[in-house]
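Student: I'm new to this one and could use a hand. Can we go through a few features together, one at a time?

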Amino acid sequence: MVLVERAGQTAALHESFEACAQGGGRAVVVRGPVTCGKSSLLREFARTVTHAGKPVFSATGSALEKPTPLGIMRQLFHSAGLKREFDRCVEGDPPPARSGLLEPEAARTFGQGVDPRVVDDACSLLLDRVGDGPALLCVDDVHHADEASLEVLLYLQRRLRCRPVLMALSTVDAAWVTIPRFLAELTKNLPCEPVLLDMLSAEGVAELLREPAGTARAIAYHDASGGNPMLLNAMVRDVATGSGTDEAGFAPVSGSTFRSAVAVCLYRGDPGTLEAARCLSVLEESGSQQLLPGTLGVSAEAADRALDALMTVGLLRKDRTFRHPLAVAAVRETMSARERGTYHWRVAALLQQEGADPSTVATHLVAADTRPAPWAALVMVEAAEEALRDDRPDQAVRYAESALRATAAPEARAAGVSVLVRAKRRTSPSAAASHLPALQKALHEGHLAREGVESLISGLLWQARSDDVLHTLSRLEAEGDEPDPERAAMVDSVRAWLRYVSPSAVDAERDVTHAITGWDGGLRHGRDLPHRAHVALLASLGGEDAERVGTRADDVLQNCESGDPGVEPLLSALLALVYADRLEQAGKWCTRLLALFDSRGMVMLKAVLSSVAAEVALRRGDMPLARTYASEALGLMSRKSWGVMIGYPLGTLVTANTALQAYDEAATVLNRPVPQKMYSTTFGLPYLHARGLHALSTGRPYAALEDFRRCGRLMGDWGLDLPAIVPWRNSVGEAYLALDRVDDAHAMFDEQLTLAGDKSPAVRAACLRLMAKTGKSPDRLPRLQESARLLARSGHLLDLTLTLAELSNEHYARGDSARSRTLGRRAMQIARKCDAQGVASGLLLSEDRFDLVGLLGPDEDPYAALSHAESRVAGLAADGLTNREIGRKLYLSVSTVEQHLTRVFRKLGISRRTELIGLLQQGNGEIHDAALDRAAAQG
């Protein structure tokens with residue numbers, strides 16, 4: 001065996017052995033840190049002595065055998081082949097005292113009650129076996145020797161002055177000073193030489209690894225092991241067996257052998273060092289190493305000695321942190337769960353006394369599996385709130401659950417349940433629902449703060465438990481003798497949201513306009529965010545100017561970008577934009593907030609945003625995108641977590657699949673179970689409408705009528721008969737057309753036109769297109785032209801595609817093939833943007849129109865190179881708008897507008913705006929949707 005950096009120590013041992021052969025007995029003491037290689041050095045030395053034909057007697061001390069009298073001596077005699085003789089000496093009758101036994105020793109008892117006559121007889125047997133020598137007597141880890149054996153060794157040593165025997169002992173530095181009497185006696189009676197060992201140097205590590213000194217690998221291994229041979233060899237074995245990783249330039253990632261070696265280092269050392277390592281592994285979790293003395297209950301000097309020992313053995317760096325992350329894990333594995341909990345509890349108490357951050361204290365309280373203590377519960381509630389603010393909901397849940405285990409105090413439990421519900425709702429509303437009874441109890445007992453009340457109400461609303469919500473509101477209104485503006489605002493905002501989501505639960509006679517009048521003033525009087533959001537929604541439904549609705553929504557959504565926004569304000573503001581037909585603004589907010597909430601891990605809000613983004617895409621006619629967003633929304637949360645709101649994304653998904661003629665996929669979605677309470681909320685309306693559309697498209701007009709009429713009855717009963725939510729009359733009219741009930745269809749469309757007025761341009765446009773199907777030839781063209789005009793800049797691509805296709809057919813029927821071809825080509829261009837080519841071509845070719853065959857492919861778009869955004873910017877520029885005006889219109893910066901125009905000019909081969917206008921005037925001006933559609937609508 002090759003020992004690295006041990007040549008000098010090996011030579012010293014051989015010199016001492018040769019000296020004892022010449023001049024009598026000698027002793028050597030091999031000293032050094034734990035696991036620095038002392039045992040390996042003695043074993044290799046003993047092997048060479050044995051190989052030379054000299055007798056070797058050996059023993060090894062053990063802390064476990066220390067209480068056993070004569071344990072070391074028994075090993076020595078057994079190694080000399082004197083097992084039976086030794087057992088007979090120890091277990092038989094004491095022999096008579098030999099004449100050579102000194103009188104003082106004959107008169108006393110050896111340590112642990114050993115008779116001196118037994119010792120004398122046994123030592124004589126050993127010396128007889130030594131003969132003329134020379135011989136080697138080795139005791140490894142002599143600091144673990146039993147008391148009796150130590151005294152016998154001294155007894156024997158006194159008889160070796162003239163015998164050629166080398167007594168070689170090994171011990172650790174720290175332990176050597178614990179046996180001062182043995183040291184004093186040993187050095188008094190025989191020449192005694194120290195042989196000192198230390199950890200391997202960086203060069204020694206490189207030599208052991210068979211690497212050139214200074215390589216990245218050698219440096220990494222030395223840094224990770226501290227030069228400890230046992231740890232170093234363990235790392236090498238882990239790499240050799242495939243359980244570790246060896247990457248040049250990085251500290252080795254070792255495996256089980258390394259962890260075992262760390263444990264051996266600790267158990268071989270002083271018990272105080274083991275306790276310090278354990279405590280330090282706990283303190284390192286929060287960077288609180290300065291608390292080591294207090295946690296251990298020792299002086300600072302004692303703690304420093306233990307840390308110095310851990311640094312010496314190679315486990316700690318000079319800054320007193322562990323050299324290797326697996327070393328920390330290995331130290332923790334030496335403790336039971338109860339022991340770890342005790343350490344964590346002590347650390348938490350000390351940190352709390354020093355005024356540490358709640359999250360730092362809570363880390364240890366959770367690991368301690370918190371014991372009942374009021375202060376601990378309060379700290380963990382604070383830590384949970386802090387974790388929630390930092391977008392760590394999982395950590396907040398752990399803190400809150402630990403707080404609930406730590407206390408029975410009603411106030412603390414109410415606070416703990418409140419933050420627990422808010423944390424769980426971030427990712428799984430169904431998981432939070434189980435805690436609603438606890439919140440209701442806390443509210444009844446008067447211990448629930450505002451955040452808890454809001455969480456309770458939101459959870460109840462999510463499950464359509466309207467009666468419980470109203471009961472909660474009544475209780476809040478009855479509380480306190482003095483007016484509470486904040487509480488009143490919260491109650492008002494909840495009633496406003498309830499008015500939309502579950503209208504049957506509130507006063508049916510109070511219509512939307514009355515609701516706005518009663519609750520308006522959010523912006524003027526600075527009401528809270530939920531109140532302003534719900535007012536924006538009701539204002540949108542009430543027909544308020546779209547620009548003002550957009551302003552209200554921006555006010556709310558900008559404030560949702562920070563903190564922990566509630567789902568109701570967020571959804572209210574976005575729906576306000578959708579119902580006001582501000583689809584581009586809504587889409588931009590969805591994109592912006594989706595990225596934000598995704599980065600913050602807000603799963604629930606991301607799911608809700610995705611469902612709104614799906615409806616925006618649906619209304620714009622981008623069915624593939626609508627299907628994608630709706631599928632993502634449904635995949636983010638379980639059906640149970642969605643609660644009654646599941647009807648919203650399900651309805652969008654079914655409608656998109658139906659429009660894409662994916663009827664089987666839509667049917668699969670419709671076969672999923674939904675909560676019955678969903679039908680008593682507005683979230684059931686899009687689901688019912690989508691189911692009707694699927695039935696109509698698959699040849700079941702009577703089934704479709706049933707669903708459409710049910711939508712109408714519910715909306716009428718609720719006082720929310722607004723086409724912006726669901727245009728059910730248009731759908732009923734389409735079902736009538738499928739049944740050849742043209743007059744009934746015309747009456748329904750006429751009713752829809754009257755109700756839509758100027759407040760719902762997109763609904764009115766769709767209605768005009770459908771109504772054209774019921775009228776005589778002179779009525780069709782103006783209705784289709786009006787529909788195209790309304791849709792020109794609305795962003796409803798599918799509706800515009802259908803209107804242009806119908807308009808193309810109408811011109812063809814009138815014999816105007818040139819305009820018919822232009823409009824047909826344009827319809828296909830727009831259809832490609834929303835993946836509706838099949839629908840458009842089906843309409844255009846429905847009348848055996850062979851004039852368009854070959855003109856409906858992608859090659860017919862001379863400006864296909866322009867993106868949708870570039871087309872819109874180009875059209876507005878051609879209309880004479882300045883860059884700043886275009887930016888305001890499209891919510892773009894002036895710089896972005898300029899960049900779009902630069903690309904447009906390059907793609908079209910022009911350099912000035914006048915050329916762009918000229919293109920639009922040539923008859924091939926299909927650059928911009930609005931320009932062409934307006935020209936087509938003019939006849």
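Predicted model: local features only at pLDDT ≥ 70, side-chain atom pairs only at ≥ 80, totals over all residues.

Student: What distance does α46 reach from its first C-alpha to its last, and what is expected?

Tutor: Helix α46 reaches 25 Å, close to the 24 Å expected at 1.5 Å a residue.

Student: Which residues of α46 are buried?

Tutor: The buried ones are S820, T822, L823, G824, R825, R826, A827, M828, Q829, I830 and A831. Then look just after the helix: D835 takes a positive phi of about 55° there.

Student: How do I read a pair of aromatic rings?

Tutor: You describe such a pair by the distance of the centres and the angle of the planes. A search of the whole structure finds seven aromatic pairs here. Take W345 and W375: their ring centres are 5.6 Å apart and their planes sit at 45°, so the pair is tilted. This pair links distant parts of the chain, with W345 in α18 (residues 337-353) and W375 in α20 (residues 374-389), 30 residues apart.

Student: Are W345 and W375 buried or partly exposed?

Tutor: One of each. W345 has 18% relative accessibility, so it counts as buried. W375 has 29%, so it counts as partly exposed. Elsewhere, W497, Y500 and Y579 form one aromatic cluster.

Student: Let's finish with a single residue. Where does Y679 lie?

Tutor: In the loop between α38 (663-670) and α39 (684-697). Y679 counts as buried because its relative accessibility is 11%.

Student: Which residues is Y679 in contact with, leaving aside its neighbours within four places in sequence?

Tutor: They are V674, Y687, L688, R691, R710, L714 and W718. Also compare Y679 with V644: the two are 35 residues apart in sequence and 8.2 Å apart in space, C-alpha to C-alpha.

Conventions. Residues numbered from 1 in each chain as written. Heavy atoms only, no water. Helix = DSSP H or I, 4+ residues; strand = E, 2+ residues; numbered from the N terminus. Expected span 1.5 Å × (residues − 1). Buried < 20%, exposed > 50% of the residue type's maximum accessible area, 1.4 Å probe, protein only. Contact = heavy atoms within 4.5 Å. Phe/Tyr/Trp six-rings, centres within 6.5 Å; stacked < 30°, edge-to-face > 60°.
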